[in-house]
Amino acid sequence: MHDKKNYEQAVEELSLMLMYLTRTQDNNEFCRYRELSWKGYDFEMLDKLSGEELIFQPRSRRGYDKYLYLTEQGRQRAQELLAEYGLCDKALNERYLLRNILPNEAEQAAEIEQICFPPNEACTREKIIERVAAAPELFLVAVDQETGKLAGFLNGIATDEDFFRDEFFTDIKLHKPDGKNVMLLGLDVLPAHRGQGLAKEIMFQYLRREQENGRRSVYLTCLKPKVKMYTRMGFLNKGISQSTWGGEQWYDMAYHLNI
């Protein structure tokens, strides 16, 4: 039998889980990946969670706003508590685990890249494996918890450059771990896992993480049919790109995180 938790600990844990379960997507066009929760909780407990970096309480000139955000650490802690208490999460979060890629998953990622993109657009097996080794912290993978296999991933490299160029796909030496910007190089979701919002969830959690890491902007290129999808995710269409990757016409898309 587990030892009982004291009152203060119970209130803190239950409140964190409730914040997580009742969060809603922020419709602010500059912060669409954020999920806010209203802060009708004890102020001292909120300050404690804030001090532990589990939540972030935005402030305006008039003082604290009426809502809060869970940090990535707070989100993970809430998920752990749900499992501990035997409570249900959203189906998407229960089926998939989002985390950094592991070294032994490089081959899986390379195979998924070949499935998700036509030959003229896909990065080679060697380049994906090289990228996993050099910048695993910029690979966010979705693991199917039923099989333990990757269902999809989003990857990129960091740089201080402000414009996308094709060399980012091929030259890993351009990766600067403390770069102010991230160049996204591929959002891959296997066909069997599409149609349930997984790509959007991967993107939003990636943006959340990189905002908390202090990145300034995130850039990507996409074909014209995908412009609307990325616009709905909050990216700005910057027009036709100078990229000629795969002999296609691409569009530059930008998401500004900390400006």
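Let's start with helix α2, whose buried residues pack against α1 (7-21), β3 (55-56) and β6 (67-70); packing here means contact, with heavy atoms within 4.5 Å. Helices are DSSP runs of H or I with at least four residues, strands are runs of E with at least two, and both are numbered from the N terminus. Keep in mind that this is a predicted model, where local features need pLDDT of at least 70 and side-chain atom pairs count only at pLDDT 80 or more, while totals for chains, interfaces and linings use all residues. Residues are numbered from 1 along each chain as its sequence is written, and side-chain values use heavy atoms, leaving out hydrogens and water.

So who is tucked away in α2 (residues 43-51)? Met45, Leu46 and Leu49 are buried, that is, under 20% relative accessible area with a 1.4 Å probe, protein chains only (exposed is over 50%, partly exposed in between). They cover an arc of only 100° around the axis, which puts them on the same side of α2; the arc is taken from the directions from the helix axis to the C-beta atoms. Over on the other side, Phe43, Glu44 and Gly51 are exposed.

Now look at the ends of this helix. Asp42 caps the N-terminal end of α2, with a side-chain oxygen 3.1 Å from the backbone nitrogen of Glu44. Just after α2, Glu53 takes a positive phi of about 60°.

Next, move along to strand β13 (residues 251-256), where 5 of the 6 residues are buried. Strand β11 (residues 217-222) runs antiparallel to β13, joined by 6 bridges, and Cys222 stands opposite Tyr251. Strand β12 (residues 236-240) is also antiparallel to β13, with 3 bridges, and here Ile240 stands opposite Tyr251. Strands count as paired if DSSP finds at least two bridges between them.

Methods: Polar contact = N/O pair within 3.5 Å; in protein donor to acceptor, adjacent residues only side chain to side chain.
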